[in-house]
Amino acid sequence: MSRKLHARRIEAIDKNIWVEFTQLAADYKAVNLGQGFPDFSPPSFVQEAFCKALNGGFSMHQYTRAFGHPNLVKILAKFFSRIVGREIDPMEDILVSVGAYQALFCTFQALIDEGDEVIIVEPFFDCYQPMVMMAGGTICLLYLRLKCCGPVLSSADWVLSPEELASKFSPRTKAIVINTPNNPLGKVYQREELQMIADLCIKHDVICISDEVYEWLTYDGTKHVKIASLPGMWERTVTIGSAGKTFSATGWKVGWAMGSGHILKHLKTVHQNSVYHCATAAQEAVAVGFQREYDVFGTEESYFHQLPIHLHEKRLRLADCLKSVGLKPILPQGGYFMIADISNLNVDLTDPSTKDEPYDYRFVKWLIKEKGLATIPVSAFYSPEHRNEFQKYIRFCFVKEDTTLQAAEDILRQWSDSK
Amino acid sequence: TELFNRDKMASIKHKNAKRIEGLDKNVWVAFTSVAADPSIVNLGQGYPDIPPPSYVKEGLAQAAMVDRLNQYTRGFGHPTLVKALSKVYGKVYDRQLDPFKEILITVGGYGSLFSTMQALVEEGDEVIIIEPFFDCYVPMVKMAGGKPVLIPLRLVGYVSSADWVLDQKELASKFNSKTKAIIINTPNNPIGKIFSRSELQAIADLCIKHDTLCFSDEVYEWLVYKGHEHVKIATLPGMWDRTITIGSAGKTFSVTGWKLGWSIGPDHLIKHLQTVMQNSLYTCPTPLQEAVGQGLLREFELMGKPDCYFTSLALELEGKRDRMAAMLRQTGMTPVVPEGGYFMIVDVTALNQDLSHMGDDEPYDYKFVKWMIKEKVFCFVILGINNKTKHSKMHRIFEKYIRLCFIKQESTLDAAEAILKSWNKG
């Protein structure tokens, strides 16, 4: 065909780090601390719920309600009403999506037009930028910056400058995206930080898109705060959640967007004109999972209580190992990931195929190919314009079986010993 | 002034993006509660109330037990599934299909349509759509900024779906330099028409002449009744390079609630759909893809044999089709016997149903559907209310038809029959 075929909306968003790095990890059969998924199973009560669902009569295998399976939206409304402190309407205020990813997509497609500005905080989960671009929006970036350099680095040390934040809001600002707990840093925004953002949202009448997929994973007593629960914020916030991260079942791809019906209705319009329905049986299983967690919430039995305790130890263990081999980890307050400063290592990266790439990309590829350990370069979580300024960190996922973490440790120690 | 500006901003800021303006109405949303009412015989929405094959359910149960299969898989399609599709369709297309470059897994056939439109249609593009059509085509073209150009199928007889045909001159007149693509759906929803090889050739000739793309929605491809053949337009000369063909696991294995589908085409087109996929939902559920892949591998071994599900389902449905046609004839109505698919449309004029009490402002078919619901049978219209244009003559004809879904258990068909029989007595 002689004519240009593709639509302009997909120009410049065709590259994707995950496609490249997951392929590389697979090709080299690397110990995978790269992509963010658990290598252990979902909790048994949720697996059982799934099996029960798929044996539960013909309706479990046919279309359910397009905006979300009734059992699921009802329990999500009940569960989160208790947390947010307001009556959430299951039919009006919730949209179930194919993972949190699709909830983000619906949000940007529904609310962002050409000329709209969207504030994004770097480092960010990489899909925000291309999604805003695909919706025709303009990105306004600001950084989380390291405020001090003590002996133990924590994600809490990365903060927003109030002046810089305020300066990003303009009459064209349509939305700000926040992600707490943050991927890749693991920062958990404190109430005061969220209040600062909220004040600006209210002042400038801006929508807040709050990606909270790791909401149950906070460590060291850190509390996750929902910006939608701050005064004046419910009516302007879309909160995004994930069953995949909640129940360690990323492959089920069940997520949701929650917020005031007058905004959610627009997400529903996108949803009904793009995928229309989500898979029924998985939604039923997630609903059963949430009902169980509702009943045991706050007790020792709760998975939301047990999983962070379980991961707390893995996080410390990985941090100790990284320190012992000369990497400088940033201890995350929440989430699945830990980043580490690699600038102390003096590795000879002579692979000509990666010559023009940022240092961390080259290091990660070297680590996969030469040592069989997969991680992700943190500059991938910065905009292309700023990538070159942040080349010295790599990201590890610690939500892995102890055997996987042990294997990673062995590789690192062997390498360190051989130096 | 600042106060005034803030109020102005408040109303602007929370407004929807232009791309979805006017696309919020959905004909189904109005009828969802009806569909859920157990006292109503549901022949309206297009999903089976017969169970899926047991090995497909078992495949899912097995997949769910494997740790790795509960986590993310390859974004563009789980390897087991894309490889199985490349095997099955390699045989059907009689060509080598690259599972990684020429196949994309999506959330249902619906998701494939969306990825296709978002990837390949934009402002300034015209897309030809044949009426009556599955209702999402027009809003999806509009959301992508394109302009739908409609052409109706016209009646040349009253017996079967083959009697609904395109006027060739009219079809040719719809193509111009702005035409980006034509959407075809074969077997067609709602009529059940299967476009013949010569009909597809006429469309192909125009696509080639005007250098346009073809989006071929073939979700009902296996549901083909005796004496008819499903032809893939992508297999006609010159068409592979310009066609995206859409398929559905939901329709193939009677599992609409699994929401898995696929787009098959040349890599220079599929790569654009993949870009949309990686920026919209990234990956589809893993255990479901594994189970569909396993199911397809099983069917591949049985292809052409009577116990292949593709064959056995079509045979089972043909019986239901014939039963439904007979039921409708008994009431005096004239069903249009479909060559394929699981819908049947029927002209209700003969019933002479007085619907004046149902209000003035709605089209006849909507009033008829609502009347039928009162009679405890849910059927559907053949053309969505938002999709009407100024083809008033054809639309007045379309309004006399309703659509019934016959992929239903015998007990459901029994219940429908009892209600229809009771009309004869009245």
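Predicted model: local features only at pLDDT ≥ 70, side-chain atom pairs only at ≥ 80, totals over all residues.
Student: How do I read burial here: does B:Phe343 count as buried or exposed?
Tutor: The general idea is relative accessible area: under 20% is buried, over 50% is exposed, and anything in between is partly exposed, with a 1.4 Å probe and protein chains only. B:Phe343 has a relative accessibility of 3%, so it counts as buried. Residues are numbered from 1 along each chain as its sequence is written, with chains lettered from A and ligands numbered from 1 in the order in which they are written.

Student: In which element does B:Phe343 lie?
Tutor: Elements here are DSSP runs numbered from the N terminus: helices are H or I with at least four residues, strands are E with at least two. B:Phe343 belongs to strand S12 of chain B, residues 343–347.

Student: Which residues is B:Phe343 in contact with, beyond its neighbours within four places in sequence?
Tutor: Contact means heavy atoms within 4.5 Å. Among the partners of B:Phe343 are B:Gly46, B:Tyr220, B:Pro338 and B:Arg403. B:Asn189 and B:Pro190 are on the list too. Take B:Pro190: 153 residues separate it from B:Phe343 in sequence, yet their C-alpha atoms are 5.9 Å apart.

Student: What kind of peptide bond joins B:Asn189 and B:Pro190?
Tutor: A cis one, with omega about 15 degrees. B:Pro190 sits in the chain B loop that runs between strand S7 (179–185) and helix H8 (197–210). Chain A has a cis bond as well, from A:Thr180 to A:Pro181, where omega is near -10 degrees. A:Pro181 is placed in the loop between strand S7 (173–179) and helix H7 (191–204) of chain A.

Student: What does B:Val149 touch, not counting residues up to four places away in sequence?
Tutor: B:Val149 touches B:Glu126, B:Val127, B:Ile128, B:Ile129 and B:Lys174. B:Val149 is part of strand S4 (residues 147–152) of chain B, and its 13% relative accessibility makes it buried. From B:Val149 to B:Val346, 197 residues along the chain, the C-alpha separation is 26 Å.

Student: Which residues other than glycine have a positive phi?
Tutor: Two to look at are A:Lys29, with phi near 45 degrees, and B:Tyr282, with phi near 70 degrees. A:Lys29 is in the loop between helix H1 (17–27) and strand S1 (31–32) of chain A, and is exposed at 72% relative accessible area. B:Tyr282 is in the loop between helix H10 (267–278) and helix H11 (286–302) of chain B, and is buried at 10%.

Student: How many disulfides does a search of the whole structure find?
Tutor: A disulfide is a covalent bond between the sulfur atoms of two cysteines. The search takes a pair of cysteine sulfur atoms within 2.5 Å as a disulfide. Over all chains, it finds 0.

Student: How many helices and strands does each chain have?
Tutor: Chain A has 13 helices and 15 strands; chain B has 15 helices and 15 strands. Buried residues make up 67% of chain A and 65% of chain B.

Notes. Heavy atoms only, no water.
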